[in-house]
Amino acid sequence: MRRLLLILVPCAALSGPARAGDDEPRDAEGAPHAADDEPREAPPETIVITPRPRARGVDDLVDPDPEHADRGRALGDSAFVTVVRLDERAGESVTVADVLARSLGVSVRSLGGLGAYTSLSVRGAASGHTAVVVDGVPLSKLASATQDLGQLELGGFTHLELYRGGVPAGLGGAGLGGALALTTVVGPTPEGAGVTVSSGTGSYGARHLRARWLGGDPDAGFHLAAGYRGADGDFDYFDDGGTPLSASDDSVETRGNNGYDRADYVARGRWRDGDGELVAGARGTWQAQGLPGPTTAPAAEASLATWQQLVDLSLRQDAWLGVDDLGARAGAYASLERQRYRDPMSEIGLGAQDTRYVTAVAGGRGGLDLALGLHRFEAALDARADVFEQDDLLGEDLADSSGRRAQAGVALADEIALAGGRVAVQPALRVELLRTEPVSDRYDMEASTAPRHEAFVSPRLSARWAIASFVALKGSAGRYVRIPTLLEMFGDRGYVLGNPALAAETGWAGDAGVVIAPARALGSIDRIYFELAGFASRPRDPIVFAMQNGFVARATNLEGADTRGLELAGSARVARTLTAAAHYTYLDARHRSRAASLDGKRLPHRPAHQLYGRADLARRVGGRLVVLWGDALLTSGNYLDQANVYELPARALFGAGAKLEVPGGLAVGVEVENLGDARVEDIELSPAPRPDLERVPRALSDFYGYPLPGRALYLTAEWSH
Amino acid sequence: MKQHAVLFLSLSSMLLFACGDDISDGRGGTPDAGPGGADAGADVDGAPGADAGNEPGRALALGGDYNETGTTALVDVDALTVELNPVAGVVGGDPAVRRFGDRVVVVNRGFGGNVTVLDAADLSLVAQIGIPDNAQDAAIVGDTLYVAALDAAGVHVIDLSAAEPVLGDTISLAGLDDVDGVPDCNSLHAVGSQLFVSCGILDRDTFAPRGPGAIAVIDTGDDTVTTDFTLSTQNPFGRLQPYAGDLLVSTLPNFADLTEGCLERITTGAEPGSAGCFAQGSELGGFAAAYREADGELWVAVAESFSGGRVTRHDGAAWSEGSLVPAASNPTDLAVCPGGDVLVADNAPDSRGVRVLAADGSERTGEPLDVGWPEVFAPVNAMICW
């Protein structure tokens, strides 16, 4: 008892009038709650919400608010979520991949260069396991499970939320790799700075120009934005000439056909009327990029052009039917993506290709939530239809194919408040039904042509225990599923064989941890935040492609893997001047295999240790904000292969930058990435093929043959009014 | 979507790189080894011929993931034990292997982009030469290394006696393909001073055969083309291998029908030419993925589908019934050891590894030997035994 008191006393000293630390509370679809700008009636178990004005963007670094921005959410939500407010990165040339690469529990791999294909691995899961949700709309996984982060224009969003473990039902419910939600704030900011124009230029031809207008009033707001971003990607790289064991032909070459141009627009509006709210929006992106191919066989003419269009509409009505505690929501969306891949000189693929890919999606969703005593019930229903078509524009019959999938899901959840609200338990269940129509595969004599019907049940249990006003224990466990894509099930009528018998990849995953986030300062130190989480998963029937007799590839189920790890994050601010944040991820992801040579070996490209730190030094000098920042990303060695024969060395990448407010609403920023200009790393060879060849150099890269750029400088100017 | 495109590109590339993945061990006759007569300098993998000596031998089993890394394993065929990773860094994601006397040649196809020469005694590095146009196969005559590359207009010549061997001249075979000048050559075999080269004559846009495959014959004395002739069938997809003094090559005109091609016979000597099909694909029940002569018999690994097949042998008069490996196997490569044992690369997901069969066809291994082949992409199964 005495020990308990000793704990509670400092707890009381540290705790203050808590608030919703997330300054943009959102519903499951990612849309702002109706109560964004007004006090919410707090459930008895949650932190008391007392909204107060807080500076946004870079100004938040020197705002007097002593709480960490995520305090309320981190303490009040059972999920482990990384939140990035993109306005706080103003004056920096960040991409979705940049942001995620420096996030807790995340490993990002890139083909190299701005705008290049980039994949995401969360907590060791394969990239296809992370759902990507844009303004509440889940992107299609019919044609491909993996989302290319390089295609997402970060400037078109205001918030990035990465659910590292359990995924809310409204975000699709079940994915081993969590979910990435990108959202857009609609309406004016508290500061009233409605118009922002930003432009920049940097190394390797990087450039951007962007304008955004946040306007209207609390009842009718809008977000209009348009921008352009591009790069040449013509950086120098180390080339071993295809002979890693011979230095005689080593050279430094310049990457070619590695540029891109991207234009995008965002138009969203929000209307409120009493307890009702309507949000509607449209978003479009066009991108043309070169495909440089591997350095061993560079491609000069291959290209990929992408056009994406997304529209959505959502309605929310609180106090529905006159019942105060009953809320209703509904929404609909449609998206169209059209890509054209051209390889006229047969530089990348097998023969010349000119192929058009079209994916169209339409869907709707609806739900109810009802607070009843200690319970808060939620029911959600969603349905969507995906259509994929692939046309060979050269008129050959190799690549034409199409497929369709209809999908419906129902999710039920109940948040039960116990122990006077200090404990919240949320059982949830999602049931998903799918019908996928196959395409014929001319090479697969064994392929089925019958439609495929599937049903999946994904139960999940989450819990949170508020030990004190600034400490919460929380965790979740559940069953997850990754449904095979059209390509995996039915092939492409070319060189990928269908496998109609392919099982969905399923598994159990769970996490548990503690969050400490006091509301008050400790002397001159405030915004204290600490998070520790352990996680584990056991995928079953993971889906991979395997070559068949050297002719064609076919998706198949492997035995599985065991993954466990630890995440540790902390941040604080000293004297309202120095904000420091660091996080560390330990990952132990190992293969389960029938082959003794592979069983228990670490999964390739999954570093065991990753440490990131960043410090922002911010002061007002002469009334103008000046920010100096630096960061470091340290990654331990990891293996290139399943047998763990080839180990990549540890990698350290450093960055630094400065931002400065100047008169006239202008701010300028300068940053340097890869400060140490790391371009080459050594691979250890053991046993060495010759005594003098224990180590050989290779270009710094995430994918073989696709080097990463060296030191890069970027200048940004931003005007706000 | 882009991922789909990228995946498609990658897999297409893999197919390209993997063309001819039967990865023969190129056992050819030499003065001291195996059939083939006086084809001095040709590859010499453990033929149960003059050098057999009843030694079971050792085997090198390479694999790859069609990406960056390859696997290497040494198999003691007598003890049926495996040494994983006896040497690092010499094998890429898509390897093929041949042995020529005391030299082992690893052809790192596709992304690998090189030919690596090792000392057969201890697998130490002798030389590594960059090949920019998708090397597929190699042969050594004397101190000259010949390389067939899929995207080349001919056969590359490399002088191995140089202190630092580099890519040398190219013997042009562009005349074999008067449409694009790239005859899509993927296999070589030396018989005496004659170098036989098999070429697909494919459409560069679709990689579909435009007509019958072609064979060029090069005089290695002066590196000139002495003759060429067409095959009776399209797309010589397999490797040139010796059989009863002739050569065999398997053809695959249509990937959608694995029985459409045949195992075509090529006569050598003063007037080389096609001798027609030794066995039709329909007779075999599929594509001859690998074929080796062992003690006068022809062993064939037949791909009946993209995921399964059988091993059969021809005793000069008829094919054996059934399969010499279990029904669930997926045999993709063969290697013959000096003592007469035959190694079978089994690619079946549940039994991936090397099976060792005695000369009488009985299996010495209960389960395939685990040689570390990756699961992500089935290995290329490059094996030699000596």
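**Hairpin, sheet and cores in a predicted model**

Visitor: Which residue takes a positive phi in the hairpin of β18(B) and β19(B)?

Guide: Five residues lie between the two strands of this hairpin. In this predicted model, local features need pLDDT of at least 70, side-chain atom pairs count only at pLDDT 80 or more, and totals for chains, interfaces and linings use all residues. Strands are DSSP runs (E, at least two residues) numbered from the N terminus. The residue with a positive phi, near 100°, is Gly269(B).

Visitor: How many bridges pair strand β18 with strand β19 of chain B?

Guide: Two strands pair if DSSP finds at least two bridges between them. Residues 262-267 form β18 of chain B and residues 273-280 form β19 of chain B, with antiparallel pairing. Leu263(B) stands opposite Ala279(B) in β19(B). The number of bridges is five.

Visitor: Which residues touch the most other members of the largest nonpolar core?

Guide: A nonpolar core is a set of buried (under 20% relative accessible area, 1.4 Å probe, protein chains only) Ala, Val, Leu, Ile, Met, Phe, Trp, Tyr and Cys residues joined through side-chain atoms within 4.5 Å. Side-chain values use heavy atoms, with hydrogens and water left out. Among the 37 residues of this core, those touching the most other members are Val105(B), Leu145(B), Leu195(B) and Val197(B).

Definitions and conventions: Residues are numbered from 1 along each chain as its sequence is written. Chains are lettered from A and ligands numbered from 1 in the order in which they are written. Helices (H or I, at least four residues) and strands (E, at least two) are DSSP runs, numbered from the N terminus. Buried means under 20% relative accessible area, exposed over 50%, partly exposed in between (1.4 Å probe, protein chains only).
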